[in-house]
Amino acid sequence: QVQLVESGGGLVQAGGSLRLSCTASGRSFSTINMAWFRQAPGKEREFVGASRWSGGTTYFADSVKGRFTISRDYAKNMVYLQMNSLKPEDTAVYYCAAWVPPAASYNYWGQGTQVTVSS
């Protein structure tokens, strides 16, 4: 049973930083693409960034590019989202997601962790 658990959310002032963690369990994630999404109040869930296991590449939404980074600890099945220069518009519930084949898209999700950025 695949499980994803996020942690690290909280309240931070604009310009500050937070690091979110995602602990994955239930199988090896060394060949699994992982991603972060977020959902702000009254808005649809949106893509934040992803980490491809093949080549170790990462890519991000334009809204966070240059401010957010993703890293992975393959030995610990952990994925991290480092968020710098946070803005009030980054306020949202952040979700970790895994794309486990043979699914066509991300098919496992964590419960989410709240990030609130005050102005």
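Reader: How many disulfides does a search of the whole structure find?
Author: One. A disulfide here is a pair of cysteine sulfur atoms within 2.5 Å. This is a predicted model, where local features need pLDDT of at least 70, side-chain atom pairs count only at pLDDT 80 or more, and totals for chains, interfaces and linings use all residues. Residues are numbered from 1 along each chain as its sequence is written, and side-chain values use heavy atoms, with hydrogens and water left out.

Reader: Which cysteines form it?
Author: Cysteine 22 and cysteine 96, with sulfur atoms 2.1 Å apart. The torsion about the S-S bond is about -75°, so the disulfide is left-handed.

Reader: Are the two cysteines buried or exposed?
Author: Both are buried, meaning under 20% relative accessible area with a 1.4 Å probe, protein chains only.

Reader: Switching to packing. How many residues has the largest nonpolar core?
Author: It has 29 residues. Such a core is a set of buried Ala, Val, Leu, Ile, Met, Phe, Trp, Tyr and Cys residues joined through side-chain atoms within 4.5 Å. Met34, Trp36, Phe68, Leu81, Met83 and Tyr94 have the most contacts inside it.

Reader: What lies apart from it?
Author: Another core, of five residues, including Ala35, Ala50, Ala97 and Tyr106.

Notes: Buried means under 20% relative accessible area, exposed over 50%, partly exposed in between (1.4 Å probe, protein chains only).
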